[in-house]
Amino acid sequence: MKRKRLDRDLKWGFQYFPYYQTRLDCDIYHGLVSLIRLTDGEHYYWDFPKAGRTPVCGKGMVWLQLVPDGCNRLITAMCVPRKKTIGDKLYTYSVSAVYVDVTEGIEYDPDGVAVYIDKYIDVMLTPKGDVIIDDRDELDNALQNQEITQEQYNDALTECDSIISQMGTDAEKTEIWLCDILNIVYTRITKGLKPIENRISKSDISKIG
């Protein structure tokens, strides 16, 4: 299993973008929250059966990342700066797509940035109702190659089922929940929450993980 930082600097090259990280405890959420503001870059798209061509990163977008207490998952909501009314609420950002990594745990690098342990299998969601299990083959291969135990394998599948049950059965409810949390984080930013600066370099990360 691989260690992956929440500032996403290795795969996506996000280390030059503002990265915020905080603990949030409120009526709708308890856990770690991070936010990446994409201030530059061309848009990159994924294709979904129901949502079609969907932007997942690019200038103006934000990534809201959640590590909820009592779960083994990292929720990444990829949000676009597009006003949207859901129910009786008007939101400044709308959710484009959601990618949920099944995880083994959370650690922290020396610069304070959270790191998750990727457990291979993931779930992809969209507000249009897409629910896709991703990288199941990687989980199966990890078990066959004895990189994980049978118990870890079973736990990953259980978490995957839980993600689908909690987040994939009501797309509108999930989007409202994510947008409400995003509003709370932006309120904290306007009140003085600062991005984590001087994050460690890629060469330093390779020495750690």
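**Group meeting: strands, buried residues and enclosed space**

Ser 94 is found in strand E10, where strands (E, at least two residues) and helices (H or I, at least four) are DSSP runs numbered from the N terminus. Before I continue, please note that this is a predicted model, in which local features need pLDDT of at least 70, side-chain atom pairs count only at pLDDT 80 or more, and totals for chains, interfaces and linings use all residues. Residues are numbered from 1 along each chain as its sequence is written, and side-chain values use heavy atoms, with hydrogens and water left out.

Is Ser 94 buried or exposed? Ser 94 has a relative accessible area of 0%, so this residue is buried; the term buried means under 20% relative accessible area, exposed means over 50%, and partly exposed lies in between, with a 1.4 Å probe and protein chains only. The side chain of Ser 94 makes a polar contact with the side chain of Arg 82, at 3.4 Å. A polar contact is a pair of N or O atoms within 3.5 Å; within protein, one must be able to donate a hydrogen and the other to accept it, and residues adjacent in sequence count only if both atoms are side-chain atoms. Leaving aside neighbours within four places in sequence, the residues in contact with Ser 94 (heavy atoms within 4.5 Å) include Met 78, Cys 79, Glu 175 and Cys 179.

Which groups does the side chain of Gln 65 reach? One is the backbone oxygen of Leu 6, at 2.6 Å; another is the side chain of Arg 8, in a polar contact of 2.7 Å. Once neighbours within four places are set aside, Gln 65 has among its contacts Leu 32, Val 33, Ser 34 and Ile 36.

Strand E3 (residues 30–37) is largely enclosed by the rest of the structure, because six of its eight residues are buried. E3 pairs with E6 (residues 62–68) in the antiparallel sense over seven bridges, pairing being defined as at least two bridges found by DSSP. In this pair, Ile 36 stands opposite Trp 63. Seven bridges also join E3 to strand E2 (residues 19–25), again antiparallel, and a hairpin of four residues links E2 to E3. Here Tyr 20 faces Leu 35.

My last topic is empty space. Rolling a probe the size of a water molecule over the atoms shows where such space is left. On a 1 Å grid over the protein atoms alone, a cavity is a set of points where a 1.4 Å probe fits but cannot get out, a pocket is an open set with protein on both sides within 12 Å along at least five of seven lines, and lining residues have an atom within 4 Å of a point. Points are joined across faces, edges and corners, and a volume is the space filled by probe spheres set on them.

How many cavities of 30 Å³ or more are there? The count is one. E10 (94–108) and H3 each give two or more residues to the lining of the largest cavity, with H3 providing the largest share, four residues. This cavity holds about 80 Å³. Among its 14 lining residues, Leu 125, Thr 126, Pro 127, Ala 171 and Thr 174 lie nearest the centre.

The second largest pocket holds about 250 Å³. It is lined by 15 residues, of which Ile 28, Arg 73, Gln 166, Met 167 and Trp 177 are the closest to its centre. H3 (171–190) gives the largest share of this lining, three residues.
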